[in-house]
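Work through the exercises below with the structure open. Try each task before reading its solution.

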Amino acid sequence: LEGGKVVAEKIRAAIAAADFPMVGRVTLSIGAATSDSTDMNEDDAVRRADGALYQAKGAGRNRVVVV
């Protein structure tokens, strides 16, 4: 998960630093999670990642949250 966080942060920073003249400032919020032994199916990890995304947006956007 830590490696994924590093990659996600690099992607987020690259988007924030890019120049999009027709669009203006663009930011990116990313939520990430890994699957674990308590997951009943692949949707459980996706739900946790989705929750992490909403945490990132709720904390001011333009950030990475991993759970």
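**Exercise 1.** In which loop is Phe-20 found?

*Solution.* Phe-20 sits in the loop between helix H1 (2-17) and strand S1 (30-32). Helices (H or I, at least four residues) and strands (E, at least two) are DSSP runs, numbered from the N terminus. The model is predicted: local features need pLDDT of at least 70, side-chain atom pairs count only at pLDDT 80 or more, and totals for chains, interfaces and linings use all residues. Residues are numbered from 1 along each chain as its sequence is written, and side-chain values use heavy atoms, leaving out hydrogens and water.

**Exercise 2.** Classify Phe-20 and Ala-13 as buried, partly exposed or exposed.

*Solution.* Take the cut-offs: buried is under 20% relative accessible area, exposed over 50%, partly exposed in between (1.4 Å probe, protein chains only). Phe-20 has a relative accessible area of 30%, so Phe-20 is partly exposed. Ala-13, in helix H1, is at 33% and therefore also counts as partly exposed.

**Exercise 3.** Find the buried residues of H2 and say how they are arranged.

*Solution.* Start with the helix. H2 (residues 42-58) has 17 residues and reaches 25 Å from first C-alpha to last, close to the 24 Å expected at 1.5 Å a residue (1.5 Å times one less than its number of residues). Next, list the buried ones: Asp-44, Ala-45, Ala-49, Ala-52 and Ala-56. They lie on the same side of H2, because they cover an arc of only 135° around the axis (directions from the helix axis to the C-beta atoms).
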